[in-house]
Amino acid sequence: MKKIISAISASALAVSALSIFSAPAADDSDTVKIMCIGDSITDGYTSDYAGSYRKFIYNQLTEKGYSIDMVGNKDESGEWLSTYTDPETGETFSYDNANTGYSGYTIKSFGGRMGIYETLESSGCLEATSPDIVTLQIGTNDVIDCYEMDSAGERLGSLVEYILANIPDTSALFVTTIPDLDPNREEVYNWFGNYRHSADWQVQYDDETAENAVKQTIKDYNAQVEAVVKEMQAQHSNLYFADVNSVITDVKTQLFDGVHPNNTGYKAMGTYWAGMLDNYLGGTIAPVTGTSTATTTNTTTTSDTTTTTAVTTTTTTTTTPETVYRAADLVKLCHYLLGEKEYALTGEEFWKYDADGSGKVNAFDLAEMRELIVRDQNK
């Protein structure tokens with residue numbers, strides 16, 4: 001068994017991380033208002049994929065017993081209840097289709113593109129609906145146009161600040177990465193023209209070069225998304241990072257045109273969100289069994305004024321129940337980290353498999369889980 005565990009651990013050492021979070025508990029007996037903000041991926045883009053990932057969020061959360069009210073700009077008529085039949089299960093369910101997703105929109109307006117920032121500002125929909133939860137997925141069109149991507153994080157930060165300033169302090173904002181793209185598909189080939197030539201138009205790039213450039217731009221942008229959120233979390237305790245990119249693992253089978261997900265992709269996204277929001281609402285990510293508070297005083301001296309300031313820092317230590325891991329957990333985590341989509345984790349499993357308590361699920365957790373299993377076997 002130890003040899004098997006060691007082999008499993010070694011096979012995943014180069015796997016990238018998936019971020020998760022901790023959240024305060026909430027009462028699921030009350031209606032929860034959720035606003036999904038974004039571009040065409042949030043909108044749904046075509047009638048074949050109406051409801052996008054949002055329909056799966058609504059269905060899965062309501063099945064868990066929550067009373068959900070999806071809210072947004074696209075709710076003027078009050079007739080946004082739609083139906084969907086899942087071809088995998090044959091299940092037909094209704095969902096609340098209200099949202100704030102707009103095809104072609106960017107983080108902020110530029111050129112011929114409309115911006116989500118300006119739309120939220122002009123519509124006042126955040127103040128009008130006062131959502132309990134806001135999800136924000138934006139930036140795909142900025143990537144498509146390759147528009148000033150070095151400063152995309154700054155634009156995103158401004159948008160995040162605006163949203164936080166216009167929702168209650170008790171509400172939560174989840175900001176996510178964007179999925180990978182498949183730029184050489186016929187349906188969207190011309191959308192990626194800025195990646196197919198040099199800035200001075202003197203050099204034309206082949207499809208492989210263009211595709212690699214798009215992938216790198218998405219990787220760089222998603223890193224900015226995570227950095228912006230984590231930096232702003234110091235001032236905003238109701239801000240959370242999400243990683244939808246982690247569940248779109250195959251652009252050939254989960255995107256219908258190279259940019260927009262099909263219902264397979266949308267279901268993966270919706271399941272990810274439903275698990276995350278369930279954990280947030282239920283407060284099960286980091287259950288606390290004991291809390292101790294220690295106060296320390298640090299003295300800082302400012303040399304030019306010879307003023308001494310006492311800074312009091314309160315440190316809170318939480319204790320969580322010990323998790324017991326089985327070999328089956330190790331095997332599933334290994335498959336998941338290797339990108340095998342049939343081994344997708346639920347929101348509860350994201351928390352459980354964060355074995356080292358780092359707030360991420362990665363190869364370090366695999367190694368930690370192995371050590372815990374070996375330790376338990378040797379007791």
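D243 sits in the loop between β9 (239-242) and α9 (251-254) of this predicted model. With a relative accessible area of 9%, D243 counts as buried, because the cut-off for that class is under 20%.

In α11 (residues 327-337), the buried residues are D329, L330, L333, C334, Y336 and L337. Around the helix axis they cover an arc of only 165°, so they lie on the same side of α11.

The next topic is a pair of helices. Two packed helices are described by the angle between their axes and the distance between the axes. For α4 (residues 116-123) and α7 (residues 152-165), the axes come within 10 Å and cross at roughly 20°. The two helices are therefore roughly parallel, since angles under 35 degrees fall in that class. The handedness of the crossing between α4 and α7 is left-handed.

Which residues of α4 and α7 meet? From α4 the contact takes in I116, Y117, L120 and E121, while α7 contributes S158, L159, Y162 and I163. By residue class, the contact of α4 with α7 divides into six nonpolar residues, one polar and one charged.

Definitions and conventions
Residues numbered from 1 in each chain as written. Predicted model: local features only at pLDDT ≥ 70, side-chain atom pairs only at ≥ 80, totals over all residues. Heavy atoms only, no water. Axes fitted to C-alpha atoms, helices over the stretch in contact; angles between N-to-C directions. Helix = DSSP H or I, 4+ residues; strand = E, 2+ residues; numbered from the N terminus. Parallel < 35°, antiparallel > 145°, perpendicular 65-115°, else oblique. Left-handed = near helix turned anticlockwise from the far one by under 90°. Contact = heavy atoms within 4.5 Å. Nonpolar A, V, L, I, M, F, W, Y, C, P; charged D, E, K, R; others polar. Buried < 20%, exposed > 50% of the residue type's maximum accessible area, 1.4 Å probe, protein only. Arc of directions from axis to C-beta.
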